[in-house]
Amino acid sequence: MEFKGLSDSRVQGTGLPHGAVECARMGSWGRPARGRVRVWLWRVVLVVAAVVVVCGLCVPARAVDGVDWRIEDMGVRDAWASGVTGRGVTVAVIDTQVVEDHPSLAGADVEYRFVMVGGGTSCRGSQDSSLSMSVDDPTVSTADGLYVTHGTHMVGLIAGTGVGYDGGLGFQGVAPGAHVIAYPDELATEGTLDGMACVSDDDNGAHPLVVGELEDAVASGARVVNMSFGLDGIDNWDVAAAALHALRHGVVLVSGRDNSSTAGMYDLVGVPGTNNYFPGEVTVNSAGRDGSVSKESDVMDGNVSVLGAGVGVPVPATLMTSDREVVLSEGGTSSAAADLTGYLALVFQKWPGATGNQVLQSLVRNTRGNASGEAVLDPGHRRGFGMVDPARLLSTDPSAYPDVNPLLEWAVKASDRHEETRGMYTGEYSGEYDTFVSDPFSPEGDYIDCTSVCAMLDTEYRRQVKAWAKVEECRKDGGKDCMQYSATATADKADEDAGWVPAGSSSKSSSRWSGVPGWVVPAAGGVVLAVAGGVVFAVVVSRRRRKARAVPAGAVPAGPVPGVRPPAGPPVPASRQPGPAPVQAYGPRPPAQGVPAPPRPPAPGASGPARPAGRPPLPRR
């Protein structure tokens, strides 16, 4: 793009960051500058632009090496124009450590927290004890030799500014106004984006970070929790208890399916011992601009809930922590889950009175091309309920839908329709050690393991149905504030009735921000623009009094032209032009390096020894 009125040499001579210069290029600012007045005006405008970049006031960036269709095609830019940016919505991201000084997060509303159950304040690397993180130091930075991490990428896709290193393409967030709490569950290490497990001193094989962070996210008012990883190898009943607690409170859990061509379960019945197929959680598969499933994960998987934007999206160029370059390519199910999280943040801002369950009802009923108004599951079990349609979600008030988690409901009902899984939720468990093992229920011969947590999931589903019936009865009788009887509103009582208690005392870091509070940005921007406008006016008047040449009409207003969308952002070198998808697919993070499968913990509250890892429980019939 030509920067009219400012030569390349003059741009270089300003000493301003490339992003600031590009921000100054936005808008319709008239003809090339002539004379000394124009030089002064350009300098003033460039200074204003630089401050605006720092304050995060530029219009969110557009991708120029192709189309960032997850924004341009999905109604997101129209939502931003109407003021829906995710502002006021808290989103939690549980992932690897974040590069705190990544340019895409400069000015973003991100808070960093380290939470560990049991009172711990730090942890160390499972393979390298010299690596650690703590309450006081939960992030990494470029000074550590890391330029991007999996966690950085996920946070960026949700709430990033779109600005990359050296002013290039970065991670543009779908919901740039959202408040993100970033919880590190693994250490970031040099090399691939996969993290390293961070273990506590007792190294008991549990998941003290994920459990504590999930509990803290609920307590902190998060509406959505993004978990683009998979805790494989064992059944994680400690995580399951925390996830069930989140479901009771209407917190939407989002994760991605395994990024592989390995088939999943035959139907949407859930896998309660996993964090990415937990009943009631949104499990996302990756799709491209045309709605087709990514070739990396195009396989039958009955537990997929929806398709999200994961192909042709911003990703680190080589999927290494040394990457400073971002390209539009195969993002996998991790990216699809993060993008869906951003869409949901927009929906929660647009419909603040809706519960998480009601938003989920809208999600599965209003997918692309589904005009029935009902949830329609793909009979081939590849696409779930269909491709997410943010524009429809933003135009459809979900508050009329039941406050019942539709994914939990489907899992409970579907499990009883199949002989192999019948009774996994609805059967009777004689005690906390009583277990259920399904018959093989996938082309790979996989079975589903259940404990008393599964019976608690059935209890929660029935509680939600009963609570909604009371809401409807109240409304029928002309009552007021009928939602006080809903499942979400009565979650604390449900926790008490279920005997739920937090996993243990926790230690957490004080808030650390990579940006400033949302209200500061427009306020600071208004002051900056007002001052700049005054400076411009004074310069013009002064020059005219000295009979300098007048500035031609329409030249250089101190800000973007109202109602005019700025053109695309800075041009990207040819090396960033889209090409073939990277060799390595980018999906949910696999289990952390170097962690042997620990003994499988019993159901919450159980006593006695845990079952040895890898030893299947005895079937109960």
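Val210, Val211, Leu214, Glu215 and Val218 in helix 7 meet Asp238, Val239, Ala242, Ala243, His245 and Ala246 in helix 8. Sorted by class, this contact between helix 7 and helix 8 has 8 nonpolar, 1 polar and 2 charged residues. The model you are looking at is predicted, so please read every value below as computed from that model.

**The helix 7 and helix 8 pair**

- Helix 7 covers residues 208-219 and helix 8 covers residues 237-248; their axes come within 9 Å and cross at roughly 5°.
- That crossing angle makes helix 7 roughly parallel to helix 8, because angles under 35 degrees count as roughly parallel.

**The chain as a whole**

- The protein chain has 15 helices and 18 strands.
- Of its 621 residues, 56% are buried.
- Taking contacts between residues at least 6 apart in sequence, 77% of them join residues at least 24 apart.
- The accessible surface of the protein chain comes to about 24,600 Å², and carbon and sulfur atoms account for 54% of that surface.

**Strands 14 and 15**

- Strand 14 (residues 311-316) pairs with strand 15 in the antiparallel sense, over 5 bridges.
- To find this pairing in the viewer, look for Val315, which stands opposite Val327 in strand 15.

**Strand 9 and its partners**

- Strand 9 (residues 196-199) pairs with strand 4 (residues 122-125) in the antiparallel sense, over 2 bridges.
- In that pairing, Arg124 stands opposite Val199 in strand 9.
- Strand 9 is also joined to strand 8 (residues 179-187) by 2 bridges, and these strands run antiparallel.
- Here Leu187 stands opposite Met196 in strand 9.

**Two aspartates with positive phi**

- Asp166 has a positive phi of about 60°, although it is not a glycine.
- You will find Asp166 in the loop between strand 6 (161-163) and strand 7 (169-172).
- Asp166 counts as exposed because its relative accessibility is 59%, and the cut-off for exposed is over 50%.
- Asp481 is not a glycine either, yet has a positive phi of about 50°.
- Asp481 sits in the loop between helix 13 (452-476) and helix 14 (491-498).
- With 56% relative accessibility, Asp481 counts as exposed.

**Loop positions at the surface or partly so**

- Ala400 belongs to the loop between helix 11 (390-395) and helix 12 (406-417).
- A relative accessibility of 63% means that Ala400 counts as exposed.
- Ala400 and Gln358 are 42 residues apart in sequence, and their C-alpha atoms are 7.8 Å apart in space.
- Gly83 lies in the loop between helix 5 (76-81) and strand 1 (90-96).
- At 41% relative accessibility, Gly83 counts as partly exposed.
- From Gly83 to Gly177 there are 94 residues in sequence and 9.5 Å in space, C-alpha to C-alpha.

- Ser305 is in the loop between strand 12 (282-287) and strand 13 (306-309).
- Ser305 counts as buried, with a relative accessibility of 2%.
- Glu281 is 24 residues from Ser305 along the chain, and their C-alpha atoms are separated by 8.3 Å.
- Not counting residues up to four places away in sequence, Ser305 touches Glu281, Val282, Thr283, Arg383, Gly384, Phe385, Gly386 and Leu407.
- Cys450 is placed in strand 17 (residues 449-450).
- Cys450 has 0% relative accessibility and so counts as buried.
- Pro272 and Cys450 are 178 residues apart in sequence but 6.8 Å apart in space, C-alpha to C-alpha.

Conventions
Residues are numbered from 1 along each chain as its sequence is written. This is a predicted model: local features need pLDDT of at least 70, side-chain atom pairs count only at pLDDT 80 or more; totals for chains, interfaces and linings use all residues. Side-chain values use heavy atoms; hydrogens and water are left out. Two strands pair if DSSP finds at least two bridges between them. Helices (H or I, at least four residues) and strands (E, at least two) are DSSP runs, numbered from the N terminus. Axes are lines fitted to C-alpha atoms, for helices over the stretch in contact, and angles run from 0 to 180 degrees between N-to-C directions. Angles under 35 degrees count as roughly parallel, over 145 as roughly antiparallel, 65 to 115 as roughly perpendicular and the rest as oblique. Contact means heavy atoms within 4.5 Å. Ala, Val, Leu, Ile, Met, Phe, Trp, Tyr, Cys and Pro count as nonpolar, Asp, Glu, Lys and Arg as charged, and the others, Gly among them, as polar. Buried means under 20% relative accessible area, exposed over 50%, partly exposed in between (1.4 Å probe, protein chains only). Accessible areas come from the Shrake-Rupley method with a 1.4 Å probe; for residues, only the protein chains shown count as cover.
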